[in-house]
Amino acid sequence: MTAIDTLFQNARLTDGQLVEIAVSGGKIVAVSPSRQSYGAVGDTHDLGRRLVLPGMVEGHIHLDKCFIGDDWKPHRPCTAGFSVRERVKFEKEALAGAKPIAVRAAALIDLCVSQGTAHMRSHVDVDTAVGLRHFEAIAAARQAHREKVSIQIVAFPQSGILTSPGTAALLEDAVRSGADLIGGLDPAGHDGDAAGHLDVVFGIAERHGVGIDIHLHDGGLQGISEIEEIARRTRASGLGGKVAISHAYALGQVATDVAQRTAQQLAESGVAIFTNAPGSHAFPPVLLLRDAGVNVFSGNDNIRDSWWPYGDGDLLERAMMVGYRSGFNTDDQLAAAFDMVTANAARALGLKDYGLTVGGAADFVVLDARHVQEAVVARPKPRDVYKAGRLVARGGVMAT
Ligand SMILES: [Zn+2]
């Protein structure tokens with residue numbers, strides 16, 4: 001009989017069923033409504049019929065930018081309308097006086113984990129000013145915090161690629177040094193040469209066998225043509241399932257038939273779309289994309305950094321916000337919002353062994369809600385958070 005490290009009793013699944021969850025070696029080895037026979041059982045925990053959700057998946061965050069764990073830094077608006085270049089300039093000035101990345105990233109990781117995040121994809125700035133310093137700091141954080149959360153790193157050209165000579169080589173160095181994905185930034189709008197920018201991004205991805213996640217704020221039909229080009233290149237390179245476009249605002253700005261046509265191409269190419277439904281901005285039509293077969297996922301993106309002062313790392317809050325801004329009211333729609341911070345994000349990140357099933361990693365969060373829909377609308381706290389079957393946070397406080 002299987003020896004069990006921990007047996008969790010009275011766990012309420014999202015379908016309302018009460019089960020016991022047996023964990024061995026950090027993996028779920030049984031999920032059963034009735035008492036099973038096991039070999040030796042280490043610990044037993046009664047979850048008190050609370051709802052058990054799979055550990056949540058942060059699909060897009062910037063661990064190197066936040067001021068969590070540092071002094072409050074008032075937002076500095078652009079001087080004459082929004083400008084990425086001016087924002088980057090302001091950010092560099094603010095970060096020059098900030099606490100070390102290790103301190104700020106640790107504070108943000110703990111904040112996220114304490115609310116139920118088990119996995120993250122962090123974009124990390126790589127440019128000629130910072131070189132690989134941010135990457136190295138976040139790679140060290142990935143290692144230091146690996147027992148609480150798994151972290152993917154995207155080498156992100158925040159200052160552009162073609163307009164910032166030397167960046168392409170640095171991006172490739174970051175990938176050689178352990179970045180999991182190669183990023184991009186507005187190939188046309190920022191770099192002025194969509195083909196040249198995408199040549200670099202797809203070239204690095206193909207040479208090193210890594211995935212791609214591109215920030216695309218370019219709007220309207222310009223943005224649509226870039227999305228279609230990314231889909232075309234994904235098909236041509238065989239990278240389907242490993243490519244994501246973050247933001248893709250254009251999908252929320254064009255006529256429905258154009259969005260549908262583009263969604264079809266994304267689905268056929270295996271390109272996922274990330275949205276965090278930010279601020280007052282147009283954002284992709286989640287259900288249109290889902291119904292076309294596109295994997296749509298979410299996350300918090302910027303959290304209390306130079307770009308905006310909002311966010312607390314709670315992925316249920318983010319699911320609520322996406323649902324609220326999308327006009328989601330039905331149970332099916334609320335479940336769709338929940339999927340964006342759990343199963344869909346796990347698929348976008350290529351996570352193996354995800355979910356509360358036999359063979360899955362024992363990553364879960366326990367809270368007071370009757371079902372997924374109530375979890376999204378009420379974002380209940382306190383929460384108990386388990387990683388690989390081990391308690392990592394309780395009531396918003398990290399376990400020691
Ligand atoms: Zn971002």
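Biologist: How many of the contacts in the protein with a separation of 6 or more come from residues 24 or more positions apart?

Modeller: First, a caution: this is a predicted model. Two residues are in contact if their C-beta atoms lie within 7 Å. Here, residues 24 or more positions apart account for 74% of the contacts with a separation of 6 or more.

Biologist: What is the radius of gyration of the protein, and what would a compact globule have?

Modeller: A compact globule with 400 residues would have a radius near 21 Å, and the protein has 21 Å, so the two agree. Along its principal axes, the C-alpha trace spans about 65 × 50 × 40 Å. Of the 400 residues, 52% count as buried.

Biologist: Which domains does the domain assignment give?

Modeller: There are two entries to look for. Domain 1 is 4–54 + 354–398, and domain 2 is 56–348. Their C-alpha centres lie 30 Å apart.

Biologist: How many residues of each domain are in contact with the other?

Modeller: 20 residues of domain 1 are in contact with 23 residues of domain 2. On the domain 1 side, the elements giving two or more residues are strand E5, helix H12 and strands E15, E16 and E17. H12 gives the most, with five residues. That side of domain 1 divides into 13 nonpolar, three polar and four charged residues.

Biologist: How many helices and strands does the protein have?

Modeller: The secondary structure comes to twelve helices and 17 strands.

Biologist: Which residues of H2 are buried, and what covers them?

Modeller: A residue is buried if 20 or more other C-beta atoms lie within 10 Å of its own. In H2 the buried residues include Ile101, Arg104, Leu108, Asp110 and Val113. Their cover includes strands E6 and E7, helix H3 (133–144), and E15, E16 and E17. E15, E16 and E17 also give residues to the side of domain 1 that touches domain 2.

Key:
Residues are numbered from 1 along each chain as its sequence is written. This is a predicted model: local features need pLDDT of at least 70, side-chain atom pairs count only at pLDDT 80 or more; totals for chains, interfaces and linings use all residues. Domain bounds come from an automatic or database domain assignment. Helices (H or I, at least four residues) and strands (E, at least two) are DSSP runs, numbered from the N terminus. Ala, Val, Leu, Ile, Met, Phe, Trp, Tyr, Cys and Pro count as nonpolar, Asp, Glu, Lys and Arg as charged, and the others, Gly among them, as polar. The radius of gyration is taken over C-alpha atoms; the globule rule is 2.2 Å times the number of residues to the power 0.38. A residue is buried if 20 or more other C-beta atoms lie within 10 Å of its own, exposed if 12 or fewer, and partly exposed in between; C-beta atoms are placed from the backbone.
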